[in-house]
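Thanks for coming, everyone. I'll walk you through one structure, from the whole chain down to single residues. Please bring it up now.

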Amino acid sequence: LIEQNFFSSIGSRESLCSSWDIEAMEAEAPNILAMKINFDVLRRWTITEVFRQVDTDARYRCVSILICVADKLIEYNNFSSAMAIATGLLFIKETMPSLWEWIPNYAEDLYDKLVDMLQEPEIIREIENSLSGVPAIPFIDPYIHQLAEISQMPEKIGELINVQRMKSYFSITDRFDKFRATSYNFEYNEECGGYLYRGEV
C-alpha cells in the first residue's frame, strides 16, 4: 500500500522529466523518485534483516522467508517490492555465499527465478503484458532507464515533431494508467507498515 500510494500519484508530466538525475527528479518527477527511494529502503531492509540474525541457522531461515515473501509479491504483481528484496538477497549471496548451502532446494529455485527477473526485465515485461483488470506495481528502474533514453531523442526531426518520441512516452504513461486502473484492496496495518519506516536500514 505504501508503494501503491507513490505509484498512483505519478502524474503524466513526470515522464517528461528533463533529466533523470536526482536533482531533476526531485523537481519534476517526485513520485517516481519516491518509488526509487522506497526501492532502496526495502533493499537495505532485506540486507539488515538477515545480518541482524544471531547465527547461521537464523540467517538461512530469514533468507528462506524473504525469498518466499518476494515470490508472493510476484504473485500479487508487486514487481517493485519483489525486485527490491531480490536485489538485497543478491547482495547477501555475493557477501555470504556459504549461507546458500543451507537454503532449502525449493527456496533456491524461487530465488533463481527472482534473479532471472531482476537481470532480464523482459521477463517481467511479458508478465505485465498479460495482465488485465488487476492491480500491479511495476519494477520502476527499467522504466526510468527507458525514459532517460527517450529524453535523449530529438524533439523535432527537421521542422516536424518527432512522433516516435511522443509514441514512446505515451506507451509508458498508458501502461502506468492501465496498472493504476485497479487498486489493491488490502487494509493498511500500522504495525507492519510502521516497521519499515522505523526499522534500521
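Predicted model: local features only at pLDDT ≥ 70, side-chain atom pairs only at ≥ 80, totals over all residues.

Now the order of the elements. Start at the N terminus and read along: α-α-α-α-α-α-α-α-β-β-α-α. The C-alpha trace spans about 65 × 35 × 35 Å along its principal axes. There are 201 residues in the protein, and 45% of them are buried. What about contacts along the chain? Take those between residues at least 6 apart in sequence: 67% of them join residues at least 24 apart.

Let's look at two helix pairs. Begin with H8, residues 140-151, and H9. Their axes come within 9 Å and cross at roughly 155°. Angles over 145 degrees count as roughly antiparallel, so H8 is roughly antiparallel to H9. The crossing of H8 and H9 is left-handed. Who makes the contact? From H8 we have Ile-140, Tyr-143, Gln-146, Leu-147, Ile-150 and Ser-151. From H9 come Arg-165, Ser-168, Tyr-169, Ile-172, Arg-175, Phe-176 and Phe-179. By type, the residues of this H8 and H9 contact are eight nonpolar, three polar and two charged.

The second pair is H6, residues 105-119, and H7, residues 121-130. These helices pack at an angle of about 95°, and their axes are 4 Å apart. That angle falls between 65 and 115 degrees, so H6 and H7 are roughly perpendicular to each other. On the H6 side, the contact uses Asp-116, Met-117, Leu-118 and Gln-119. On the H7 side, Pro-121, Ile-123, Ile-124 and Ile-127 take part. The residues of the H6 and H7 contact divide into six nonpolar, one polar and one charged.

First up is Ser-15. Where is Ser-15 placed? In the loop between helix H1, residues 2-8, and helix H2, residues 22-28. Is Ser-15 buried or exposed? The relative accessible area of Ser-15 is 5%, and buried means under 20%, so Ser-15 is buried. A polar atom of the Ser-15 side chain lies 2.7 Å from the backbone oxygen of Ser-12. Set aside neighbours within four places in sequence, and Ser-15 is in contact with Trp-20, Leu-147, Tyr-169 and Thr-173.

Next, Ser-64. This serine sits in helix H4, residues 56-75. Ser-64 is buried too, with a relative accessible area of 6%. Its side chain reaches the backbone oxygen of Tyr-60 at 2.9 Å. Not counting residues up to four places away in sequence, Ser-64 touches Ile-103, Pro-104 and Ala-107. For a sense of distance, take Pro-142, 78 residues from Ser-64 along the chain: their C-alpha atoms are separated by 27 Å.

Last, Arg-180. We are back in helix H9, residues 163-180. The relative accessible area of Arg-180 is 19%, under the 20% cut-off, so this arginine counts as buried. Which residues does Arg-180 contact, leaving aside neighbours within four places in sequence? Phe-7, Ser-8 and Ile-10.

That's the tour. Over to you for questions.

Definitions and conventions: Residues numbered from 1 in each chain as written. Heavy atoms only, no water. Buried < 20%, exposed > 50% of the residue type's maximum accessible area, 1.4 Å probe, protein only. Polar contact = N/O pair within 3.5 Å; in protein donor to acceptor, adjacent residues only side chain to side chain. Contact = heavy atoms within 4.5 Å. Axes fitted to C-alpha atoms, helices over the stretch in contact; angles between N-to-C directions. Parallel < 35°, antiparallel > 145°, perpendicular 65-115°, else oblique. Left-handed = near helix turned anticlockwise from the far one by under 90°. Nonpolar A, V, L, I, M, F, W, Y, C, P; charged D, E, K, R; others polar.
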